[in-house]
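Visitor: Hello! Please pick a single part of this model and take me through it closely, with the cut-offs spelled out.

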Amino acid sequence: MRFTSILSLILLSLIITSNYPVKKQELKLSDETQECINCHSVIHPGIVASWEKSRHSKITPEDAITKTKLERRVSFTTIEEKLKNVVVGCYECHSLNTEKHSDAFEHNGYKINLIISPNDCAVCHPTETNEYSKNLMSFAHSNLVENKVYQDLMRSVNNPHKYDKGKIEIKDSNKLTDYESCLYCHGSKIEVKGFENRETQFGELTFPVLEGWPNQGVGRINPDGSRGSCSACHTRHEFSIEIARKPYTCAECHKGPDVPAFKVYEVSKHGNIFSSEYHKYNFDQVPWRIGKDFSVPTCATCHISLITSPDGKEVIVERTHQMNDRLSWRLFGVPYAHPHPIKPNLSDVKNSAGLPLIVELNGEPVNKFVISREEQEKRNSLMKSICLNCHSKSWVNGHFERLENTIKETNALTLQATKILQEFWANGFTKGLPHNQSSFDEKIERDWVSTWLYYANSIRFASAMAGGGDYGVFADGRYQLTEKLYEMKEMLELRKKLKK
Amino acid sequence: MRFTSILSLILLSLIITSNYPVKKQELKLSDETQECINCHSVIHPGIVASWEKSRHSKITPEDAITKTKLERRVSFTTIEEKLKNVVVGCYECHSLNTEKHSDAFEHNGYKINLIISPNDCAVCHPTETNEYSKNLMSFAHSNLVENKVYQDLMRSVNNPHKYDKGKIEIKDSNKLTDYESCLYCHGSKIEVKGFENRETQFGELTFPVLEGWPNQGVGRINPDGSRGSCSACHTRHEFSIEIARKPYTCAECHKGPDVPAFKVYEVSKHGNIFSSEYHKYNFDQVPWRIGKDFSVPTCATCHISLITSPDGKEVIVERTHQMNDRLSWRLFGVPYAHPHPIKPNLSDVKNSAGLPLIVELNGEPVNKFVISREEQEKRNSLMKSICLNCHSKSWVNGHFERLENTIKETNALTLQATKILQEFWANGFTKGLPHNQSSFDEKIERDWVSTWLYYANSIRFASAMAGGGDYGVFADGRYQLTEKLYEMKEMLELRKKLKK
Amino acid sequence: MRFTSILSLILLSLIITSNYPVKKQELKLSDETQECINCHSVIHPGIVASWEKSRHSKITPEDAITKTKLERRVSFTTIEEKLKNVVVGCYECHSLNTEKHSDAFEHNGYKINLIISPNDCAVCHPTETNEYSKNLMSFAHSNLVENKVYQDLMRSVNNPHKYDKGKIEIKDSNKLTDYESCLYCHGSKIEVKGFENRETQFGELTFPVLEGWPNQGVGRINPDGSRGSCSACHTRHEFSIEIARKPYTCAECHKGPDVPAFKVYEVSKHGNIFSSEYHKYNFDQVPWRIGKDFSVPTCATCHISLITSPDGKEVIVERTHQMNDRLSWRLFGVPYAHPHPIKPNLSDVKNSAGLPLIVELNGEPVNKFVISREEQEKRNSLMKSICLNCHSKSWVNGHFERLENTIKETNALTLQATKILQEFWANGFTKGLPHNQSSFDEKIERDWVSTWLYYANSIRFASAMAGGGDYGVFADGRYQLTEKLYEMKEMLELRKKLKK
């Protein structure tokens with residue numbers, strides 16, 4: 001064979017490589033997973049197809065751990081021998097720790113868990129699981145449903161209401177409603193109620209009967225007792241880092257008027273450029289190289305991902321699944337923004353009025369539950385170290401100065417609303433906190449909630465994410481907050497007039 | 001020629017094929033269409049360019065009908081000889097059934113229709129036209145403007161208002177306003193008012209003068225008496241199945257607070273993945289292969305398209321343009337959700353109070369107008385057969401159980417609002433239904449409308465589409481619905497106090 | 001070397017060209033820019049990487065000006081010799097007109113401006129700068145903060161509020177708040193407060209201390225006295241025409257409820273197709289060819305860009321940065337829509353009541369400040385000449401007829417709200433305009449503002465952009481406007497009753 005022929009063959013292979021899908025390597029499936037796929041590719045073709053697109057289907061843990069430190073996507077030190085040299089298939093995940101899973105069941109001769117918990121993912125990703133457990137998110141279920149103030153709010157929002165003879169009565173809660181409202185994001189508690197036989201196309205089989213299912217909330221209580229759901233962000237069964245890094249994932253729970261992070265992002269300069277260019281970025285690269293793989297940050301860039309210099313060599317910021325390591329403030333979901341809580345589990349917090357809140361009704365934080373000014377500055381510094389790759393120091397400092405000002409100003413505005421509400425309570429125009437009754441089931445109480453849960457939150461997000469104009473002013477912003485103050489004041493005047 | 005040369009030529013052709021646009025086949029244009037294009041490519045280059053991108057410009061009906069059953073995009077059995085072997089150009093569509101078209105006019109020696117109606121499209125797509133006519137959508141114009149209750153609502157929303165001496169008077173309707181408000185989606189009635197001569201760059205020409213034009217609403221009444229506008233979804237002149245299958249098309253009319261389907265989709269897991277990955281999907285493939293052409297459903301996937309297994313061989317669900325064959329409930333636009341109506345034409349419905357509604361004011365459906373429980377379950381089964389390709393049975397059943405619960409609960413909440421409104425009416429605080437006056441032109445009446453038209457609708461959509469958190473709670477959801485109840489109750493108290 | 005070998009080499013080069021990034025041409029960097037990059041690629045890798053993707057980094061002014069008239073992106077006639085033959089790097093922009101820049105500072109031996117102003121961009125783009133200066137946008141800062149009516153509005157929205165003993169007091173303004181609310185879009189006034197030394201990784205350096213920074217608002221007052229910020233739309237440091245042409249850029253400031261242009265676009269037919277297809281369009285082409293580079297218009301298509309026929313030869317509409325040359329009406333931000341102002345600087349406008357507004361309180365425009373009917377028709381004609389490439393004359397005329405109707409109808413609705421508000425003022429129920437007090441700090445006043453700033457604006461945008469249904473009716477549209485009228489009327493009744 002002569003030179004030109006060889007050259008031609010090289011060319012041919014180049015063409016094939018560049019124009020056709022990459023030739024599939026022989027997948028090292030475990031026998032068990034092969035058996036799963038035999039049936040499930042027929043009855044759940046969508047699940048199997050998703051998994052086939054996943055990295056899990058293409059690499060073994062042994063190969064994954066040999067990547068360089070910066071390229072590595074797993075964090076285990078040791079792993080069971082039988083998992084080492086097969087790709088991560090159905091059986092490899094659904095058969096883990098079955099002894100701890102109350103949802104484990106016999107399935108065609110295997111013990112299988114219906115639900116995968118963070119503890120199962122920890123077999124390959126222990127660092128990420130551990131970090132995640134330090135987030136408020138991992139306690140999103142408990143911090144909501146076990147807190148008396150939020151219980152009161154949930155009850156007034158979700159429970160059946162009955163109007164009769166001038167009164168509205170709030171009835172007992174409805175679990176199905178809770179699951180698809182607050183707990184959709186906060187996570188449900190999944191309990192095994194028993195087992196049932198079901199006729200399938202492969203004969204009669206037994207399955208667990210679950211309460212609180214389906215659910216992928218971030219603070220889900222799993223049948224093995226663990227907290228969280230990795231698939232909340234790492235969407236099953238593709239578990240795509242690309243999807244997790246795009247802001248659409250965060251938007252699932254961070255878009256509403258109570259936490260309009262995605263909306264603010266969309267109208268920010270960052271969001272504008274993202275929407276315009278994201279199909280040209282490389283969202284699958286690890287480490288994630290600034291300027292090379294992406295030009296503007298998404299949520300993940302600033303809060304989670306391992307970011308490096310364009311050449312992939314200098315670490316700008318380490319990967320973390322403990323997102324609060326760069327969060328100095330708790331901005332939303334509370335009557336007043338306050339320094340970030342020290343711990344994710346807020347079951348023991350209490351203010352001077354005995355309420356399970358980290359703030360007093362006058363807006364002061366309860367210091368022993370929140371991080372120090374020093375820790376705040378440390379966290380700000382970490383965040384700023386990301387901003388500074390594309391912005392000058394005066395730009396970045398100007399930005400953070402405004403945020404602190406906005407926190408102060410919005411807290412002060414909410415305080416004025418609190419004072420008006422307290423006059424309602426003091427005059428007995430409305431029954432609430434001082435009367436040991438709900439603080440959320442009268443119009444004036446809801447007006448008060450709007451000032452912080454919607455408007456102050458929006459304003460603070462607009463500030464924190466440089467989303468500027470609209471969400472800071474006219475879209476649930478300062479305009480609405482001040483209007484609500486005027487309305488509350490007028491309602492108070494009216495009540496006083498009617499009393500005379 | 002030697003081997004290497006041949007190889008090189010093969011390579012060259014490979015490169016050309018893969019790197020350059022596909023070589024255009026000779027288009028079989030009719031002479032008439034060629035004549036249209038001669039002028040219109042100059043005066044309407046955008047229209048001609050769109051059409052050139054369309055499938056219509058690239059295939060003849062004869063070729064289209066010879067595709068395999070699953071690949072076929074046309075449904076005729078016979079077709080006129082002259083249409084068979086030319087591509088579907090300007091003349092082929094705009095010259096159809098001119099005898100039925102009051103908008104037909106002489107144009108350069110040809111009889112041309114300005115508007116294409118579903119009956120014209122039926123020449124090649126009779127099955128789709130026939131199915132579509134069985135949807136509520138095809139009666140969207142008539143069911144709105146010929147219904148006394150909705151007429152009353154339209155009047156209070158669209159008509160000019162005049163304030164004088166403490167009173168608001170509603171004036172006569174303004175057609176131009178109606179066209180660009182309700183009828184934008186519901187469809188206008190297009191009438192030919194006459195013909196006029198216009199000076200054009202090709203000399204003086206005659207054109208029909210149309211009332212209600214432009215319009216592409218789904219229930220448009222066409223100048224040939226037919227109902228609907230295929231271009232509402234199959235955007236002219238590309239008629240792209242890709243566009244119709246993406247949710248942006250449905251969002252044109254299903255995004256507002258009265259029907260936030262797209263908003264809910266966007267924050268659902270399905271919508272998240274769609275936004276992240278849709279540029280990698282194949283939206284042009286027929287049949288549409290689950291897991292292969294797409295990973296998550298769009299509106300079209302569950303409601304309309306022919307879906308098959310990944311290999312394109314097993315039909316999962318048949319194509320339908322009668323979308324209600326998998327809709328068991330009518331969720332929105334009505335005071336109470338109720339089982340789906342039996343017929344699309346609602347001109348004869350009446351409840352026990354004589355109102356043209358399918359529900360009583362207490363929320364009970366009028367049984368003779370709605371489908372049976374049995375039929376509902378049949379339709380649910382069809383829908384579930386799609387879900388089950390990616391979700392387990394317990395997941396899917398859990399989802400549908402919640403939806404039924406939500407329908408019950410939201411109807412019950414609206415009922416409480418109705419009871420308060422009825423006390424307003426009974427006490428004469430507001431004139432409405434019992435006084436034979438508008439039920440929509442007072443604040444308290446609008447509050448009542450909000451409970452169902454906005455909040456209950458949003459909650460039900462969030463439930464139906466697993467869009468969870470925000471639209472079920474804080475974004476026009478349960479929070480707002482209960483707040484509205486508290487407000488209505490308080491307004492009633494106030495009125496009673498003032499009466500004393 | 002034989003034929004086949006040569007062929008193979010040609011093939012190889014073809015493959016490389018088509019499959020690998022374009023071979024970088026030798027960049028003709030100035031020595032100064034090279035010096036900037038040496039440090040800043042380390043400390044600001046994101047900025048440098050963005051610039052490397054820009055056209056500025058790839059072409060010299062000399063090459064840019066030799067393009068054909070239609071392909072040209074620069075508009076200078078002469079340029080300094082030293083700028084001619086180097087690409088447009090850091091130093092080329094940041095060293096311009098330093099004598100006029102109060103933010104100029106010594107930096108490693110060079111005189112550098114921190115901020116680039118439109119006057120600096122004018123070195124290569126004088127036509128664009130000159131045109132832009134004729135827009136209302138260039139006076140967005142001054143027309144807001146120097147206008148007494150808008151000052152009053154800003155004060156009631158942004159300033160700290162204090163509630164005490166039944167009264168709300170509005171405190172002095174907070175600059176940091178203003179910067180991130182109204183001025184985020186309108187532009188801040190940037191002032192140099194002095195200079196400071198900062199320790200950097202390259203030793204101690206001096207930097208200017210800026211007030212009002214960061215800011216990229218469209219009417220920014222720059223340290224050289226000029227108005228505007230080109231980077232508001234031409235995002236630094238990529239300055240991508242692609243980004244500027246996509247609607248996400250405009251959405252940064254035109255999405256909120258006061259100006260929902262982007263929201264309306266999204267649900268319009270144009271927006272639907274854009275969302276579906278935009279990744280297939282060519283947004284980088286100059287001139288921009290209708291039907292070839294894009295199928296549907298974005299904001300830029302109708303308002304700014306040079307558009308040609310598909311073959312790139314016939315000019316459909318010239319490029320303009322004076323967007324009002326096709327704007328016949330001022331639709332938003334004012335109590336009543338009115339013909340477009342004659343001049344961008346509105347500092348001398350005054351109505352018959354002495355208010356700095358172009359309209360009377362009864363909705364009549366003050367004729368001497370607005371363009372004539374004739375000029376309006378001229379501007380409409382220019383806009384229609386774009387529409388007509390894809391729509392028939394009857395379609396386009398029908399569209400514009402509806403817009404004029406909608407302007408008339410929404411102005412009339414706002415007038416009814418004004419009449420109710422005036423009764424509040426006349427009866428002394430609320431202090432406002434006639435009492436020389438704020439017109440924006442009572443609930444009823446805000447209700448009035450809602451009728452025009454939110455609802456009438458939304459309705460007009462829905463009409464102007466054929467965005468139809470929702471934003472014209474249920475999404476801050478006619479439904480909300482009429483509801484607000486009912487509410488205002490009822491509040492007036494209540495006040496009258498309480499007075500008795």
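Guide: Gladly, and let me begin with a term: a salt bridge here is a side-chain nitrogen of Lys or Arg within 4 Å of a carboxyl oxygen of Asp or Glu. By that rule, six salt bridges are counted between chain B and chain C, and the meeting of these two chains is the part I'd like to show you.

Some ground rules come before the details. This is a predicted model, in which local features need pLDDT of at least 70 and side-chain atom pairs count only at pLDDT 80 or more, while totals for chains, interfaces and linings use all residues. Residues are numbered from 1 along each chain as its sequence is written, chains are lettered from A and ligands numbered from 1 in the order in which they are written, and side-chain values use heavy atoms, with hydrogens and water left out.

Now to the interface itself. Counting contact as heavy atoms within 4.5 Å, 73 residues of chain B touch 67 residues of chain C. Together the two chains bury about 6500 Å², with 55% of it on carbon and sulfur atoms; buried area is the accessible area (1.4 Å probe) that two parts lose on being put together, summed over both. On the chain B side, the residues losing the most area to chain C are Tyr163(B), Glu180(B) and Lys443(B), which together make up 12% of what that side buries.

As for composition, the side of chain B that touches chain C has 34 nonpolar, 21 polar and 18 charged residues. Here Ala, Val, Leu, Ile, Met, Phe, Trp, Tyr, Cys and Pro count as nonpolar, Asp, Glu, Lys and Arg as charged, and the others, Gly among them, as polar.

Chain C also meets chain A, through 74 residues of chain C and 68 residues of chain A. About 6500 Å² is buried between chain C and chain A, and Tyr163(C), Glu180(C) and Lys443(C) supply 12% of the area on the chain C side, more than any other three residues.
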